[in-house]
Amino acid sequence: MNSKFLLFFIIVFSNFAFAQKKEFHAPDYTLIKKAITDKNSEFYYPHLLERLKANDTLITPNQYRHLYFGQTLQKNYNPYNGRKKTDELKKYYQATVELKEEDLPKAIRTFREGLEENPLDIRAMNYLAYMYHLSGDEATAKKVSENFHGLFGAILSSGDGLNCETAFHVIAVSHEYVLLNMFQLENKSQSFDGTCDYLEFEKGKYKVPGMYFNVSKLQEKNLEILKAK
């Protein structure tokens with residue numbers, strides 16, 4: 001399944017990538033918190049989350065930013081807590097054989113349940129879009145894929161990844177590797193400086209030596225968890 005999935009992955013992404021503007025700015029969590037807690041705001045978090053779960057394709061780029069970065073301000077945000085469906089999803093990620101048509105209903109159900117647990121699991125969201133594509137449900141595949149790209153666009157809008165000051169902001173470490181996969185990049189090592197993860201590439205293999213990801217919100221949550229113990 002992997003090679004065909006990667007091709008689907010790239011084709012869907014290519015149209016999205018060329019439409020992106022190069023401007024970026026880091027999330028302002030003070031402003032985001034104010035917006036997502038205002039019941040009269042278009043960014044009110046419970047409403048935005050319901051729209052995402054319903055595969056609403058009319059969510060704006062700014063609303064996706066509030067959805068993505070606003071997740072870190074929710075009480076249930078815990079990027080280190082394993083989900084019940086994590087192991088089941090891994091079986092699909094690591095599969096080397098083609099899914100048979102009769103396997104698709106179970107696969108789709110598994111990924112939907114995984115996203116019910118973690119609605120912002122962008123890796124699962126992209127795989128689910130592919131599952132719908134394989135099943136012939138192109139309409140739903142497109143809806144799920146558009147929401148994946150909306151959330152992925154929120155990451156791209158937060159930086160350029162060239163240094164820690166302009167790093168891509170992510171709310172889960174796994175999202176770092178989703179981004180690398182989207183650009184067909186492979187890292188040889190990973191380091192952490194207290195604010196940013198740095199994924200280093202093989203020397204001379206790509207135009208940049210590595211990529212930076214701001215994981216400060218993950219670290220804040222980790223400290224909260226440690227203090228609560």
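Helices here are DSSP runs of H or I with at least four residues, strands are runs of E with at least two, and both are numbered from the N terminus. You are looking at a predicted model, in which local features need pLDDT of at least 70 and side-chain atom pairs count only at pLDDT 80 or more, while totals for chains, interfaces and linings use all residues. Residues are numbered from 1 along each chain as its sequence is written, and side-chain values use heavy atoms, with hydrogens and water left out.

**Stop 1**

Is Met182 buried or exposed? Met182 counts as buried because its relative accessibility is 3%; buried means under 20% relative accessible area, exposed means over 50%, and partly exposed lies in between, using a 1.4 Å probe and protein chains only. Met182 and Phe152 are 30 residues apart along the chain, and their C-alpha atoms are separated by 9.8 Å.

Widen the view to helix H8, residues 138–156, together with H9. Their axes come within 11 Å and cross at roughly 100 degrees. Axes are lines fitted to C-alpha atoms, for helices over the stretch in contact, and angles run from 0 to 180 degrees between N-to-C directions. The angle makes H8 roughly perpendicular to H9; under 35 degrees counts as roughly parallel, over 145 as roughly antiparallel, 65 to 115 as roughly perpendicular, and the rest as oblique.

By class, the contact of H8 with H9 has 7 nonpolar, 2 polar and no charged residues. In this scheme Ala, Val, Leu, Ile, Met, Phe, Trp, Tyr, Cys and Pro are nonpolar, Asp, Glu, Lys and Arg are charged, and the others, Gly among them, are polar.

**Stop 2: H5 against H7**

Next, select helix H5 (residues 86–93) and helix H7 (residues 122–135). They pack at an angle of about 55 degrees, with their axes 12 Å apart, and are therefore oblique to each other. Show side chains for Leu89, Tyr92 and Tyr93 in H5, which meet Arg123, Ala124, Tyr127 and Met131 in H7. The class count for the contact of H5 with H7 is 6 nonpolar, no polar and 1 charged residues.

**Stop 3: H3 against H4**

Move to helix H3, residues 45–53, and helix H4, residues 61–70. Here the packing angle is about 105 degrees and the axes are 10 Å apart, which makes H3 roughly perpendicular to H4. From H3, pick Tyr45, Leu48, Leu49, Arg51 and Leu52; they meet Gln63, Tyr64, His66, Leu67 and Gly70 in H4. The contact of H3 with H4 has 6 nonpolar, 3 polar and 1 charged residues.

**Stop 4: salt bridges**

Arg51 forms a salt bridge with Asp56, the closest N and O atoms being 2.7 Å apart; the term stands for a side-chain nitrogen of Lys or Arg within 4 Å of a carboxyl oxygen of Asp or Glu. Arg51 is partly exposed, with a relative accessible area of 24%. How many salt bridges does a search of the whole structure find? The search finds 4.

Another is the pair of Lys53 and Glu116, whose closest N and O atoms are 3.8 Å apart. This pair links distant parts of the chain, with Lys53 in helix H3 and Glu116 in helix H6 (residues 104–117), 63 residues apart. Lys53 is partly exposed at 37% relative accessible area, while Glu116 is exposed at 53%.

Then go to helix H10, residues 216–228, where Lys217 and Glu220 are 3 residues apart, separated by about one helical turn. Their side chains meet in a salt bridge of 3.1 Å, N to O. Lys217 is buried, with a relative accessible area of 14%, and Glu220 is partly exposed at 40%.

**Last stop: the whole chain**

Zoom out and color by secondary structure. The protein chain has 10 helices and 4 strands, running α-α-α-α-α-α-α-α-β-α-β-β-β-α from the N terminus. Buried residues make up 45% of the 229 residues. Among contacts between residues at least 6 apart in sequence, 60% join residues at least 24 apart.

Conventions. Contact = heavy atoms within 4.5 Å.
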